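Please open the structure in your viewer and keep the sequence at hand.

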Amino acid sequence: MSGSPPAPFTADDYRARMDRAARSAADAGLAGLLVAPGPDLVWLTGYAPTAVTERLTLLVLAADRDPVLVVPALEAPDARKAVGAPALTLRDWTDGTDPYAVTGALLAPRGRFGISDNAWAMHLLGLQKTLPGTSYASLTDALPMLRAVKDTAELELLAAAGAAADAAFEEIRKASFAGRRESDVGRDLADLLRRFGHSQVDFTIVGSGPNGADPHHEVGDRVIRRGDMVVLDFGGLKDGYGSDTTRTVHVGEPTDEERTVHDIVRAAQEAGFRAVRPGVACQEVDRAARAVIEDAGYGEYFIHRTGHGIGVTTHEPPYMIEGEQQLLVPGMCFSVEPGVYLPGRFGVRIEDIVTVTEDGGRRLNDTTRDMVIVE
């Protein structure tokens, strides 16, 4: 975790993102993009309203015009402070006026627009009422790869978040597990993520013994016992970019079967990683990892996709799953996290964040993937 932090994003960085997004929308046959408060707005402009209320805030992007951010007048001063503000025009509206009329004046009256998945229904319905000739598609459907390819600065931030999560694991593996509740270990993990620079902890899964067979168990009051396998899956945001890693540890010496299953998952994770290279379809990463588990006779116990994208959110496109034919491109970042879950007994999952390079893949998590014994 050494080295200088990457330089902060500039107005020019945000201008380039908005230009690229507008061009991508045009290439997809859309008249433009409508971006509500949330991860997309932060990524495009650097602006995150202090409170998201019923008042309309919406970024309007189109290839044939400059970006416009429609904001309530009382929030305009904060919007002007955003790093990306110099790259757009601010259009404010006051209480008592119609924000949909303000926004509608910026839209092609019969255009089809991509709109943020998290846009409020009342705002979408308000726009449709104002411009009944318009139609809309969610950004996930219309432009699923909008944020998928990261630039150099974003990759540095993701690598730093991964290194911070790794540091948290190196500390937690030294702790006592036996006789403590899952919730105690989960609290320690959250504290460690914050100690190593995370501003937001999104999840701390601690699945001990039979709870490890539930991939999204999170934490409970079960007391961890000697002889338990324990799945540790944790992550969040550091400097605005995500971490997400999983290691499965064992309290005391494992049985031969537990070692075998762990070895199978480790081999599957390695196979998934080795499948990563430009031009390969996302589903091939899933197939490579899944084949190892199926060949070992545990295929029915691998019950989720092999991976998901990560960036300004911890889950985003692309997804490593059968049927996803999106081709991998240098700069994409995603998890590779196969697992085996034996109901009522134990589970094993191993996860790294991987980025696509010019000739393969690079892991952003470097802690050991061997079986770790804890006390």
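The stops below concern aromatic rings, a surface patch and the backbone.

The model is predicted, so local features need pLDDT of at least 70 and side-chain atom pairs count only at pLDDT 80 or more, while totals for chains, interfaces and linings use all residues. Residues are numbered from 1 along each chain as its sequence is written, and side-chain values use heavy atoms, with hydrogens and water left out.

**Aromatic rings**

A search of the whole structure finds four aromatic pairs; rings of Phe, Tyr and Trp (its six-membered ring) pair if their centres lie within 6.5 Å, and planes under 30 degrees apart count as stacked, over 60 as edge-to-face and the rest as tilted. Select Phe9 and Tyr14: the ring centres are 6.1 Å apart and the planes stand at 70°, so this pair is edge-to-face. Phe9 is buried at 16% relative accessible area, and Tyr14 is buried at 8% (buried means under 20% relative accessible area, exposed over 50%, partly exposed in between, with a 1.4 Å probe and protein chains only).

**Charges over rings**

Next, select Arg290 with Phe302. Arg290 lies over the face of Phe302, 3.9 Å from the ring centre; a charge sits over a ring if NZ of Lys or CZ of Arg is within 6 Å of the ring centre and within 35 degrees of the ring normal. Then select Arg363, which lies over the face of Phe273 at 4.1 Å from the ring centre.

**A surface patch**

Which residues form a nonpolar patch on the surface? Select Val52, Trp120 and Met122, which together have about 280 Å² of accessible area (by the Shrake-Rupley method with a 1.4 Å probe; for residues, only the protein chains shown count as cover). Trp120 is partly exposed, at 36% relative accessible area.

**Backbone**

Move to Pro317 and Pro318, where the joining peptide bond is cis, with omega near 5°. Finally, select Glu218, which has a positive phi of about 65° although it is not a glycine. Glu218 is partly exposed at 45% relative accessibility. Asp239, also not a glycine, has a positive phi near 50°.

Notes: Patch = residues over 30% accessible without salt bridge, like charges linked within 9 Å, V, L, I, M, F, W, Y side chains within 5 Å. Salt bridge = Lys/Arg side-chain N within 4 Å of Asp/Glu carboxyl O.
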